Amino acid sequence: MKGFWATYLRELLLLRKRFLRVLLSMSINPILFILAFGIGLGRELYLEGRPYLEFLIPGLISASSMLQAFAINVEINVARFYLKVHEEFQSAPISVVSFALGEIFAGITKAFLSTFIILFITLLLDKLSLKINFLFFIVVFLNAFIFASLGLASAMAIRAHSDQTLITNFIITPMMFLGGTFFPTNNLPNYIQPLVEILPLTLVSNTLRDLSWEKPLSISNLLWLILLSIFSFLLALFTIKKAKD
Amino acid sequence: MVRKDFTFIIIYVKEIAISISNLKKSYGKVIALKGISFDVYKGEIFALLGPNGAGKTTTLRILSGLTKPTSGEIFILGENLKERELFVKTQIGLVPQHVNLDLELTVEENLIIHGLLFKLSYSEIKRRITELLELASLTDRRKTRVKELSGGLKRRLLIIRALLHSPKILLLDEPTAGLDPHIRRKLWSFIKQIQAQGTTILLTTHYMEEAEILANRVAFIFAGNIVAIDTPTNFIKSLGQVALDIFINGEMFTRYYPTREEAERALSEFNKNYTAVTLRKVSLEDVFMKYTSERLS
């Protein structure tokens, strides 16, 4: 438990030192997307009988929480390759699980921070009828858990800091644009749809949208998210063990 | 009449803190360690002395659990490192060659994180921080961000961080590399102070002077092999007391003699056929040169 707390505390202390900068940088993207797509492009647009902004906000929350959770890879890379602080954790008598959970919860914390920023911006926009309940936050948590685990796994799997950009460019950025964030995935050509439907972000976007539109929760989506959480966590543990050398 | 002769034999058995046998490490085709073996006794300062790439850091990384060995056995305070890695880690404090501190965090925050990693209670962490900051003369820097500390202070912080959980063994990887002579000397006395408190120290260095001053015993490591192990005094004695460096036709030759008189006598035999000459005390560097040039040849 102390190993988890030490890892998490380090990230919290670093976050505290840069809190204002982090908060501002987390706010820029959602504000731009809301202004450009939600208000500029989508003012007169309705999807499934609802204003486009009501479609966009749950998608933005899923994309933004994904990005922030996954972005722990940058911090881990800096700690591993530049500051070499990671060695301090490797030489400590802590389990791989407690280290992994400490890093993942740091990613989850940042993901929730970005979620709250978007929800705060949403409050400032009138005429939106989105319902946010406890299950909504559970899904955000699972999304953050999956992508923080994948961020950790990718940070431990790479051999040089520059490799990280490749993963972000080839996996995260396409997922952000195709994973049901900005448009319904059934608008895509038939041959792409099956691939897009199984992306974790698509599941999260659709589930968050259903919940905020007061539709019943898809249990199969939730189960998939739980399975993906377990798989990504195991992948993170495997890469940490392998990174020793 | 019965004669009774009693002979008392007192044998001092030195307790072993670290025992390494036939340790090998390969990185792909590169062999970093070719089967080294040595013991470090409790309470001593043991120096691994060798050039860059000799295998010093690899040895320390394996001992601290950062790198997995290819083969070989390691016992730390009688415990097998492979079988009881987590326990062994609690007995070791590692001071790496590079400054791996969180530069954005304060001195105290860095130490708190280390304390939690080594499972100390908050009250214990606070107590040890106060004690160690005092030992390292860093008390007034408790709330200073690490990035604002000088190189020497960062090194001292690295050492006290490694001592925070009261390890029985301290591993120092090139502890004074890149520091100026004044700070280096201050660190030497700091390291001696730590030894005086009962801590076993295994250090790596490529500074011969450092090993000569600090170490109780020295092992020369060269190209992944331990070439020789002894005390600095014995090593120096084995060569002689006086070294004669003679420069002839742009080349330097060094000869060793038991006394100054013998060295001067030998010098006279050169009939001034040299461009320069230096008469000096034999140092550990001479011993190192001897062993490594033997290996090279």
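## Report on the model

Glu174(B) lies in the loop between β7 (169-173) and α6 (181-196) of chain B, where helices (H or I, at least four residues) and strands (E, at least two) are DSSP runs numbered from the N terminus. This is a predicted model, in which local features need pLDDT of at least 70 and side-chain atom pairs count only at pLDDT 80 or more, whereas totals for chains, interfaces and linings use all residues. Residues are numbered from 1 along each chain as its sequence is written, chains are lettered from A and ligands numbered from 1 in the order in which they are written, and side-chain values use heavy atoms, with hydrogens and water left out.

Although Glu174(B) is not a glycine, it has a positive phi of about 45°. A positive phi, of about 50°, is also found at Ser137(B), which is not a glycine either, and Ser137(B) sits in the loop between α4 (122-135) and α5 of chain B.

| Residue | Relative accessibility | Class |
|---|---|---|
| Glu174(B) | 3% | buried |
| Ser137(B) | 51% | exposed |
| Asn22(B) | 42% | partly exposed |
| Thr202(A) | 0% | buried |

Asn22(B) belongs to strand β1 (residues 16-27) of chain B. If its neighbours within four places in sequence are left aside, Asn22(B) is in contact (heavy atoms within 4.5 Å) with Gly35(B), Ile36(B), Ser37(B), Ser71(B) and Gly72(B). Ile45(B) is 23 residues from Asn22(B) along the chain, and the C-alpha atoms of the two are separated by 22 Å. In chain A, Thr202(A) is part of helix α10 (residues 200-212), and, not counting residues up to four places away in sequence, Thr202(A) touches Leu178(A), Gly179(A), Thr185(A), Val196(A) and Glu197(A).

Two packed helices are described by the angle between their axes and the distance between the axes. In chain B, helix α3 (residues 107-117) and helix α5 (residues 151-163) pack at an angle of about 30°, with their axes 9 Å apart; the axes are lines fitted to C-alpha atoms, for helices over the stretch in contact, and angles run from 0 to 180 degrees between N-to-C directions. The helices α3(B) and α5(B) are therefore roughly parallel to each other, a term for angles under 35 degrees. On the side of α3(B), the contact is made by Val107(B), Asn110(B), Leu111(B) and His114(B), and on the side of α5(B) by Leu157(B), Ile160(B), Arg161(B) and Ala162(B).

Chain B as a whole contains ten helices and 13 strands, and its C-alpha trace spans about 75 × 70 × 50 Å along its principal axes. Of its 297 residues, 49% count as buried.

How many residues of chain B are in contact with chain A? There are 36 of them, and they meet 25 residues of chain A. The area buried between the two chains, which is the accessible area (1.4 Å probe) that two parts lose on being put together, summed over both, is about 2,800 Å², and carbon and sulfur atoms give 57% of this area. Leu66(B), Leu116(B) and Leu117(B) supply 22% of the area that chain B buries against chain A, more than any other three residues.

How values were computed: Angles under 35 degrees count as roughly parallel, over 145 as roughly antiparallel, 65 to 115 as roughly perpendicular and the rest as oblique. Buried means under 20% relative accessible area, exposed over 50%, partly exposed in between (1.4 Å probe, protein chains only).
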